[in-house]
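Visitor: Hi! Could you walk me through this one while I have it on screen?

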Amino acid sequence: MSILFDSFEEWRKECESQKSSLFEPVLRYEIDQKQKQESDIWEGLQQAYEVMKDAVHTGLSEEMNSYSGMISSGAKKVFNNPLTVLSPEFQRLISRALAAKEVNSCMGRVVAAPTAGASGILPGVLVTLQEIHELEDQQILEGLLVGAGVALILEKRASIAGAVGGCQAETGSAAAMAAAATVHCLGGSIDQAFNAVAITIQCMLGLVCDPVAGLVEVPCVVRNASAAAIANSSAQIALSNVSPVIPVDECVDAMGEIGQSMEAKYKETALGGLAATPTGQAISKRVLIQDIDVLGDEIDH
């Protein structure tokens, strides 16, 4: 029977009763929802992961310059910087998350996971995880299913949309998905995976959505990198059996409550936060003038 879980506790009980792995109930749900064979679901996941890897490669090999001028191949600069803050692996993690998100900001092809605004987090985390631990693609695809299960519950109990719950709902959800996927791929338990979600949410509660000029560029791109780092730190903490203290479902409910009480200007309206700063307003006016000029040229022709 296909199950759309209302809570992480329901997910846990289903796995325990069926003696199944964390990804298997989500796989059954996908088969039922899409009315396809299991092989089709795995094929679709493989295609999605290939797009993720391609976005990382594109962002690190091609010039990424957005129409607004706010994005200018930042990922390549990070990737090629000879000065490493922590380790080469950390540098690759950050640059890959930036790369995939820059591809989105420059109108390239990405996987919305769970949204386009957070599309760099899972690619950055999973490509780097696979490289470091020499994982098979199949393990990563299972991790994607685990991440999808996390997103389904977050969407139901809180939100995954910045316009509804702020950036905590977008990059926060993606980071939680990546943290749970990481724990699963490294052989962690169900408790550890769910603890990773709880810890991630705790770290990202209250993050506002304040896109400069209304574009999903600043601060969205750099938040993908920081969220990828948080996903990894949460997974490391959870795999070390450190308790989040507050259960995961309660963390999700807190996320939903904060999203509901957040002022509208902090939810993708470009009316508050960084978008409302003098520089943010100046960029918004410049982009608007550019749009008017382009529209005028199109009318003339």
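This is a predicted model: local features need pLDDT of at least 70, side-chain atom pairs count only at pLDDT 80 or more; totals for chains, interfaces and linings use all residues.

Visitor: Good to know. What covers the buried residues of H3?

Guide: The cover includes helices H2 (24-34), H4 (74-80), H5 (88-105), H6 (121-133) and H7 (137-157).

Visitor: And which residues of H3 are buried?

Guide: Here they are in order: Ile 41, Trp 42, Leu 45, Tyr 49, Val 51, Met 52, Ala 55, Val 56, Thr 58, Gly 59 and Leu 60.

Visitor: How far does H3 reach from its first C-alpha to its last?

Guide: H3 spans residues 38-61, 24 residues in total, and reaches 35 Å, close to the 34 Å expected at 1.5 Å a residue.

Visitor: Back to H5. At what angle do the axes of H3 and H5 cross?

Guide: At roughly 90 degrees, and the axes come within 7 Å. An angle from 65 to 115 degrees counts as roughly perpendicular, so that is the term for H3 and H5.

Visitor: Which residues make that contact?

Guide: H3 brings Ala 55, Val 56, Thr 58, Gly 59 and Leu 60, while H5 brings Ser 95, Arg 96, Ala 99, Ala 100, Glu 102 and Val 103. Six of the residues in this contact are nonpolar, three are polar and two are charged.

Visitor: New topic: how many residues are in the largest nonpolar core?

Guide: That core has 75 residues, and Phe 8, Trp 11, Leu 126 and Val 150 have the most contacts inside it. Helix H9 (residues 167-185) gives the largest share, eleven residues.

Visitor: What does Leu 126 touch?

Guide: Leaving out residues up to four places away in sequence, Leu 126 touches Tyr 49, Ile 140, Leu 144 and Ala 181. Tyr 49 is one of the buried H3 residues.

Key: Residues are numbered from 1 along each chain as its sequence is written. Side-chain values use heavy atoms; hydrogens and water are left out. A nonpolar core is a set of buried Ala, Val, Leu, Ile, Met, Phe, Trp, Tyr and Cys residues joined through side-chain atoms within 4.5 Å. Buried means under 20% relative accessible area, exposed over 50%, partly exposed in between (1.4 Å probe, protein chains only). Helices (H or I, at least four residues) and strands (E, at least two) are DSSP runs, numbered from the N terminus. Contact means heavy atoms within 4.5 Å. The expected span of a helix is 1.5 Å times one less than its number of residues. Axes are lines fitted to C-alpha atoms, for helices over the stretch in contact, and angles run from 0 to 180 degrees between N-to-C directions. Angles under 35 degrees count as roughly parallel, over 145 as roughly antiparallel, 65 to 115 as roughly perpendicular and the rest as oblique. Ala, Val, Leu, Ile, Met, Phe, Trp, Tyr, Cys and Pro count as nonpolar, Asp, Glu, Lys and Arg as charged, and the others, Gly among them, as polar.
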